[in-house]
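Open the viewer and get ready to select residues by number. This tour goes from the whole chain to single spots.

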Amino acid sequence: MALADSTCSPLDNPELRLSCFVNKALVNVGGDLAKLVPGRVSTEVDARLAYDTHGIIRRVHDLLRLYDEIAVPPERLLFKIPSTWQGIEASRLLESEGIQTHLTFVYSFAQAAAAAQAGASVIQIFVGRVRDWARSHSGDPEIEAAIQRGEDPGLALVTKAYNYIHKYGHKSKLMAAAVRNKQDIFSLLGVDYIIAPLKVLQSLKESITSPDEKYSYDRRLSPQSAARYDFTAEELTKWDQLSLASAMGPASVELLAAGLDGYVNQAKRVEELLDKIWPPPNV
């Protein structure tokens, strides 16, 4: 359907035409999803724009215009942006326009706090990826501090970010992703959103629990527990590009780069697919 769109086809520049087709395809899928789900649909912004604040903003405006053409209102939409400093700045500016953003690839408290200060609607932390990094690497102060406290570093990051957001009244909602088992879910009960793989949902469904225990799980995260959490003066800084760069340890730097590479590769695969079946009469 995107390749048959009359607005993209006349463009002479092949790169612009392909970008137009991709945007249209994203919005077509997002529009279909918006008919199926009651909440918001998150549309990914091209990861190749991760270090270009104004490029991200232009792309989001382009996507919004396309969504408007198919009558999907802005309040049903999130725009998924990598948590580079430039991405966080783009989120701040877009949120000031009333456009909801979803910051992803958050692997450090500094990124989470900067995203919350920017007013991002959703902040996404990958629990399992932080844990995986910690199992095969060392030298990240934030992760090593969590391990010394006897905590899982992925779960500790979500807990700390949740407490920061809710203690200081930020509007952001925290999303825990890459949960690997049902124990992760029990450890994060109370977090705003969880992305749970089907196999984890299935294991919860198949759990055999005595009637007395069935509803006895404790809520681990709450505004009340957040209010009791203590932060250092360094953690309560007003984050800027320099302080964020100096606070991000090797885990967050490496995992952010790996995440961006993965998203870029996926975007290229979509473009190659569209390029193969363009032009007509293939379409």
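A residue counts as buried when its relative accessible area is under 20%. By that cut-off, 48% of the 283 residues of the chain are buried. Keep in mind that this is a predicted model.

**The whole chain**

Show the chain as a cartoon. Its secondary structure comes to 12 helices and six strands. The radius of gyration is 20 Å, close to the 19 Å that the globule rule gives for 283 residues, so the chain is as compact as a globular protein of that length. Along its principal axes, the C-alpha trace spans about 60 × 50 × 35 Å.

Next, think about contacts. Take those with a separation of 6 or more: 64% of them join residues 24 or more positions apart.

The accessible surface comes to about 14,800 Å². Carbon and sulfur atoms hold 55% of that area. Then colour by charge. There are 31 positive and 35 negative side chains. The centres of these two sets lie 4 Å apart.

**Stop 1: glutamine 100**

Hide the surface and select glutamine 100. Look for it in the loop between α3 (85-96) and β3 (101-106). Is glutamine 100 buried or exposed? Its relative accessible area is 17%. Glutamine 100 is therefore buried, as the cut-off for that is under 20%.

Which backbone oxygens does its side chain reach? One belongs to leucine 77, and it lies 3.2 Å from a polar atom of the glutamine 100 side chain. Another belongs to proline 74, reached at 3.4 Å. Show the neighbours too. Leaving out residues up to four places away in sequence, glutamine 100 touches Arg40, Pro74, Glu75, Leu77, Leu78, Phe79, Glu95 and Ser121. Lysine 80 and glutamine 100 are 20 residues apart in sequence, and their C-alpha atoms are 9.2 Å apart in space.

**Stop 2: serine 91**

Move to helix α3 and pick serine 91. What does serine 91 touch? Beyond residues up to four places away in sequence, the list is Thr101, Leu103, Ala118 and Ala120. Select alanine 115 as well. It is 24 residues from serine 91 along the chain, with 7.9 Å between the C-alpha atoms.

**Stop 3: asparagine 265**

Jump to helix α12 and select asparagine 265. This residue is partly exposed, with a relative accessible area of 45%. Now select arginine 48. Along the chain, asparagine 265 and arginine 48 are 217 residues apart.

**Stop 4: the ends of α6**

Select α6, residues 141-148. At its start, find aspartate 140. A side-chain oxygen of aspartate 140 comes to within 3.2 Å of the backbone nitrogen of glutamate 142. Then go just past the helix to glycine 150, where phi is positive, at about 80°.

**Stop 5: backbone angles to check**

Most residues other than glycine have a negative phi, and most peptide bonds are trans.

Select alanine 71, in the loop between α2 (53-69) and β2 (77-82). What is its phi? It is near 65°, a positive value in a residue other than glycine. Alanine 71 is exposed, with a relative accessible area of 64%.

Select alanine 178 next. Its place is in the loop between β5 (173-177) and α8 (182-187).

Finish at proline 279, in the segment after α12 (250-276). Show the peptide bond that joins tryptophan 278 to proline 279. Is this bond cis or trans? The bond is cis, with omega near 10°.

Definitions and conventions: Residues are numbered from 1 along each chain as its sequence is written. This is a predicted model: local features need pLDDT of at least 70, side-chain atom pairs count only at pLDDT 80 or more; totals for chains, interfaces and linings use all residues. Side-chain values use heavy atoms; hydrogens and water are left out. Helices (H or I, at least four residues) and strands (E, at least two) are DSSP runs, numbered from the N terminus. The radius of gyration is taken over C-alpha atoms; the globule rule is 2.2 Å times the number of residues to the power 0.38. Buried means under 20% relative accessible area, exposed over 50%, partly exposed in between (1.4 Å probe, protein chains only). Contact means heavy atoms within 4.5 Å. Accessible areas come from the Shrake-Rupley method with a 1.4 Å probe; for residues, only the protein chains shown count as cover. Lys and Arg count as positive and Asp and Glu as negative; His and the chain ends are not counted. The place of a charge is taken as NZ of Lys, CZ of Arg, CG of Asp or CD of Glu. A polar contact is a pair of N or O atoms within 3.5 Å; within protein, one must be able to donate a hydrogen and the other to accept it, and residues adjacent in sequence count only if both atoms are side-chain atoms.
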